[in-house]
Amino acid sequence: MKRRIAILGSTGSIGTQTLDVVRQHPDLFEVVLLTANNSSDLLIQQAIEFDAANVVICNEALYGQVADALQSRDIKVFAGIDSACGLVAGDDIDIVVASMVGFSGLAPTLAAIRAGKIIALANKETLVAAGAIVMRESRKYNAPILPVDSEHSAIFQCLLAAQGNNVTRIHLTASGGPFRTWDKEHIAQATAASALKHPNWNMGAKVTIDSATMMNKGFEVMEARWLFDMTPKDINVVVHPESIIHSMVEFEDGAVIAQLGHPDMREPIQFALSFPDRLSLNNKKLDFATLGSLSFHEPDLKLFPCLALAFEAIEKGGNMPCMLNAANEAAVAAFLRDRIGFYDIAAVSEKMMESTVFAADPSLDDIFQTNAEVFAKANELIDKW
């Protein structure tokens, strides 16, 4: 039987690449639900091409446009995030690809988990903001979480070869972003346009900026902590500019298993959709004879203070990672609009971490309140910048 798929954030980078995997294997996958926030034209095109049963345009102001375009087809159109939360729980869905950007992905992902769906998780903010809660709900409702991030997919794949042996360390690789070789003075003058020129990966704007600041890597440490039940001190970050080794696991005897491949998100997407099977994929394959050398470096926390803030948030725990995520979302959005400078992203985030009420054991309501409060306060601070 075909695996029936819902894609939360189908018009983004992960969503469009997920649909390319489906396009290559139409006999194995069926698209049941597509959601988008603002990209109504692309959502309409996707719904028609894949004959989706349901679509949700989260920006309710665009509902009329989408509904009018699809009225002659057997496609149901809904509006708002609550509609997405309801539809992901439907009996006609097997796998939910959680690829919405930012904190907005938490509610529909939790709804899918509570319905016992398989979660192909690409939205890292879900675990950053509410990792303890999400993993507890995953166990309670027997909803497996399969990682889509290339680094966590790599760890997951390496662990399949562990045969139950104890893992002592996880090594998360980082490209270093577009400013890896720049000095601090030049990084301080970086524009949004330059930060969006990632040397290896094709990602959405928010994730690309997070990669440039290395906040993305800090968030991935938080993800790994929850996905693989590791303590933060046992998760190591290493800069690997070539982005060929996607991550590694180390065992008690010192042996290290790594997962390699060209930087192409379709591979980890495919593995999450087809697990435990591997499918053919129209992607570039490694040629070791022409690959050249692979290099590794320690991350520079002075050049990239966002990574240092992420480590601080991990150590503090509670709602601190949620604070950092909310502040970063506001700051990155402002940077993309040229309202603040590159290093101001870290400055705004640090200020919010210092000035927001800490909760050591937050409830889900606390998480939503923290996110809303910090996001609003960060924007107020940015307005005065």
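Tutor: We shall take these features in turn, bearing in mind that this is a predicted model.

Student: How many salt bridges does the structure hold?

Tutor: A salt bridge here requires a side-chain nitrogen of Lys or Arg within 4 Å of a carboxyl oxygen of Asp or Glu. The structure holds 15 of them. In one, R23 pairs with D20, with the closest N and O atoms 3.3 Å apart. Both residues lie in helix α1, 3 residues apart, about one turn of the helix.

Student: Which parts does the pair of E49 and R23 tie together?

Tutor: E49 and R23 meet at 2.7 Å, N to O. E49 belongs to helix α2 and R23 to helix α1, so this pair ties together parts 26 residues apart in sequence. A network of salt bridges links D20, R23, E49, D264 and R266.

Student: Are D210 and K206 buried or exposed?

Tutor: Buried means under 20% relative accessible area. D210 has 1% and is buried; K206, at 12%, is buried as well. Their side chains form a salt bridge of 2.5 Å, N to O.

Student: Where do the buried residues of helix α3 lie around its axis?

Tutor: The buried residues are V66, A67 and L70. Seen down the axis of α3, they fall within an arc of 95°, so they line one face of the helix. They pack against α2, β3 and β4.

Student: What lines the largest cavity?

Tutor: Its lining includes T213, F304 and Y343. By class, the lining has 6 nonpolar, 1 polar and no charged residues. The volume of the largest cavity is about 30 Å³.

Note on methods: Residues are numbered from 1 along each chain as its sequence is written. This is a predicted model: local features need pLDDT of at least 70, side-chain atom pairs count only at pLDDT 80 or more; totals for chains, interfaces and linings use all residues. Side-chain values use heavy atoms; hydrogens and water are left out. On a 1 Å grid over the protein atoms alone, a cavity is a set of points where a 1.4 Å probe fits but cannot get out, and a pocket is an open set with protein on both sides within 12 Å along at least five of seven lines; lining residues have an atom within 4 Å of a point. Grid points are joined across faces, edges and corners, and a volume is the space filled by probe spheres set on the points. Ala, Val, Leu, Ile, Met, Phe, Trp, Tyr, Cys and Pro count as nonpolar, Asp, Glu, Lys and Arg as charged, and the others, Gly among them, as polar. Buried means under 20% relative accessible area, exposed over 50%, partly exposed in between (1.4 Å probe, protein chains only). Helices (H or I, at least four residues) and strands (E, at least two) are DSSP runs, numbered from the N terminus. The arc is that of the directions from the helix axis to the C-beta atoms. Contact means heavy atoms within 4.5 Å.
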